[in-house]
Amino acid sequence: MSLKREASPTETKADRIYIRCTPRHKEKIESAARTLGLSVSDYLLSAALATVEEMRPTETRAEKAEASEALRESATVSTERLSPIDTKRLLAQIFAQPDEPTPRMRQAIQHYNRTILGKRGGISE
Amino acid sequence: MSDPPVEDTAASTGEPTLYFELLADHHDVATFRCGATFLDWLLQHDAHLLADADVNRTFVLAEREAAATENGKTPIEGYFTLEAGVAPTAFVSLLPEDTLSALIAARDAFSTPPPCRLSPLTEIPVVYLAYLARDRRNRGRGYGDLLLIEALRQAELASRHIGAAGVFLVSTGEGERLYTDYGFRPYGDYDRKMFLSMRAIREALALLTL
């Protein structure tokens with residue numbers, strides 16, 4: 001699936017929006033856009049449209065198709081979401097058979113067993 | 001933001017009797033000092049308020065033999081806060097075109113309001129370990145270990161009822177290595193955001209002698 005979504009064939013991208021930002025913000029935005037294989041313009045537009053969708057208080061039926069598109073785009077390129085690659089990593093962690101508890105984890109469990117679950121301690125339910 | 005668990009130490013003789021319970025009025029939040037001002041502040045100003053609003057739950061570690069504080073309350077040895085959370089993902093972007101189109105069409109077939117935002121396709125439910133800290137008086141006593149294990153235990157209990165794919169947290173810089181030692185793995189392109197799957201947590205908690 002392509003991350004880059006084109007404008008509708010009936011629309012042209014004729015209007016322009018200029019924004020000012022700090023060099024640090026610009027670098028961050030450019031880096032995020034590069035990661036997703038998008039131009040800075042497409043990246044900012046997608047993120048802004050996704051925000052519009054999230055802040056929309058109510059939604060008329062006529063607006064739903066557009067909202068769906070914004071939802072889809074927000075799930076794809078919003079800075080608030082993981083990239084597809086990172087999502088794959090997260091899902092792999094979730095669905096993978098877990099590794100054995102690490103030595104540090106075993107040590108912590110033993111300490112808990114001894115200290116909290118011992119005769120004198122207690123746990124909350 | 002979670003403080004790193006402290007290094008474990010061998011149990012010494014004469015260990016205090018420790019127990020966990022939900023934060024309550026008899027706990028002295030005012031005298032808690034972990035060394036990170038904002039974690040002290042959160043406990044003193046936010047914890048009760050947010051628990052009353054059912055936004056999150058704060059558990060405290062206390063000692064049975066501890067003398068009352070100058071305020072006549074139970075001293076807090078450490079605390080952690082759990083919240084319901086979501087891991088925002090691009091899962092939806094991984095779906096085949098026709099599947100995604102069908103899902104969006106199904107959503108749009110409903111009259112207002114939409115029943116959902118395609119969750120869990122765009123968001124994976126998790127338990128968020130928001131804060132974890134122990135009083136600086138307890139440095140080197142392994143209380144961080146106890147707090148983390150109890151947090152994982154409470155998260156696992158919650159997951160039995162509502163489902164949660166794991167525990168995630170945002171560690172401090174120094175905490176990143178320690179949480180990695182516990183099996184947490186970084187994920188995403190955010191700084192120090194870490195995750196441990198519920199499967200892995202269950203595997204570890206199976207070692208508890210409940």
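**Exercise 1.** What percentage of the 125 residues in chain A do buried residues make up?

Solution. First, the ground rules. This is a predicted model, where local features need pLDDT of at least 70 and side-chain atom pairs count only at pLDDT 80 or more, while totals for chains, interfaces and linings use all residues. Residues are numbered from 1 along each chain as its sequence is written, and chains are lettered from A and ligands numbered from 1 in the order in which they are written.

Next, the term: a residue is buried if 20 or more other C-beta atoms, placed from the backbone, lie within 10 Å of its own. Buried residues make up 28% of chain A.

**Exercise 2.** Find how many helices and strands chain A has.

Solution. Helices (H or I, at least four residues) and strands (E, at least two) are DSSP runs, numbered from the N terminus. Chain A has five helices and zero strands, so its elements read α-α-α-α-α from the N terminus on.

**Exercise 3.** Which residues of α5(A) meet α3(B)?

Solution. Contact means C-beta atoms, placed from the backbone, within 7 Å. Ala108(A), Ile109(A), His111(A), Tyr112(A) and Thr115(A) meet residues of α3(B), including Leu146(B) and Ile149(B).

Technical notes:
Two residues are in contact if their C-beta atoms, placed from the backbone, lie within 7 Å. A residue is buried if 20 or more other C-beta atoms lie within 10 Å of its own, exposed if 12 or fewer, and partly exposed in between; C-beta atoms are placed from the backbone.
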